[in-house]
Amino acid sequence: MATGYDCFDTLSHTDDPRVTGQARENRQLLKAAMARAGFRNLPEEWWHFTLNDEPFPDTYFDFPVGR
């Protein structure tokens, strides 16, 4: 993917032109798959997606997550 998760350099922008080859293909594959599933990408973070029809857009949930 050309950067690690939560790297906040501009290289993390989904369509940064410096990202080429397999990393670019992987980003585009992820973006397309998520779009088909109803998510939109935050262009500044290749890993950040939001559900288009978020059922609770103004609610913040705070609960533990475990196995």
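The following is a dialogue about a predicted model of a protein chain.

Trainee: How many helices and strands does the protein chain have, and in what order do they run?

Mentor: One helix and two strands. From the N terminus on, the order is α-β-β.

Trainee: What share of the contacts joins residues at least 24 apart?

Mentor: The share is 38%, among contacts between residues at least 6 apart in sequence.

Trainee: Why is Thr3 called buried?

Mentor: Its relative accessible area is 14%. Buried means under 20%. The value for Thr3 is 14%, so Thr3 is buried.

Trainee: Where does Thr3 lie, and what does it touch?

Mentor: Thr3 lies in the segment before helix H1 (21-36). Leaving aside residues up to four places away in sequence, Thr3 touches Leu11, Ser12, Arg27, Trp46 and Trp47.

Trainee: What makes the pair of Thr3 and Ser12 a polar contact?

Mentor: The contact runs from side chain to side chain, at 3.3 Å. The cut-off is within 3.5 Å for N or O atoms, so the distance passes.

Trainee: How do you know that Asp15 and Lys31 form a salt bridge?

Mentor: The N to O distance is 3.3 Å. The limit is within 4 Å, between a side-chain nitrogen of Lys or Arg and a carboxyl oxygen of Asp or Glu. Lys31 and Asp15 meet at 3.3 Å, so the pair counts. This pair links distant parts of the chain: Asp15 is in the segment before H1, Lys31 is in helix H1, and 16 residues separate them.

Trainee: Are Asp15 and Lys31 buried, exposed or partly exposed?

Mentor: Both belong to the middle class. Asp15 has 38% relative accessibility and counts as partly exposed. Lys31 has 29% and is partly exposed. That class lies between the 20% and 50% limits.

Trainee: What makes Asp9 and Arg18 a salt bridge?

Mentor: Their closest N and O atoms are 3.9 Å apart. The rule asks for within 4 Å, so this pair counts.

Trainee: Which salt bridge joins Arg18 to Asp16?

Mentor: It is a side-chain pair at 2.9 Å, N to O. Asp9, Asp16 and Arg18 are linked in a network of salt bridges. By this rule the count for the model comes to three salt bridges.

Trainee: What makes the phi of Ala2 worth a comment?

Mentor: Most residues other than glycine have a negative phi. Ala2 is not a glycine, yet its phi is positive, about 80°. Ala2 sits in the segment before H1. Its relative accessible area is 45%, so Ala2 is partly exposed.

Trainee: What is the phi of Asp6, and where does Asp6 lie?

Mentor: The phi of Asp6 is near 70°, a positive value in a residue other than glycine. Asp6 lies in the segment before H1. At 37% relative accessible area, Asp6 is partly exposed.

Trainee: Which residues make the nonpolar surface patch?

Mentor: Phe56, Phe61, Phe63 and Val65 make it, with about 500 Å².

Trainee: How do you know that Val65 is exposed?

Mentor: Its relative accessible area is 75%. Exposed means over 50%, so Val65 is exposed. Val65 is placed in the segment after strand E2 (49-51).

Trainee: Where is Ala33, and why is it called partly exposed?

Mentor: Ala33 is in helix H1. Its relative accessible area is 30%. The value falls between 20% and 50%, so Ala33 is partly exposed. The C-alpha atoms of Ala33 and Leu11 are separated by 21 Å, with the two residues 22 apart along the chain.

Definitions and conventions:
Residues numbered from 1 in each chain as written. Heavy atoms only, no water. Patch = residues over 30% accessible without salt bridge, like charges linked within 9 Å, V, L, I, M, F, W, Y side chains within 5 Å. Areas by Shrake-Rupley, 256 points an atom, 1.4 Å probe, with all protein chains shown as cover. Helix = DSSP H or I, 4+ residues; strand = E, 2+ residues; numbered from the N terminus. Buried < 20%, exposed > 50% of the residue type's maximum accessible area, 1.4 Å probe, protein only. Polar contact = N/O pair within 3.5 Å; in protein donor to acceptor, adjacent residues only side chain to side chain. Contact = heavy atoms within 4.5 Å.
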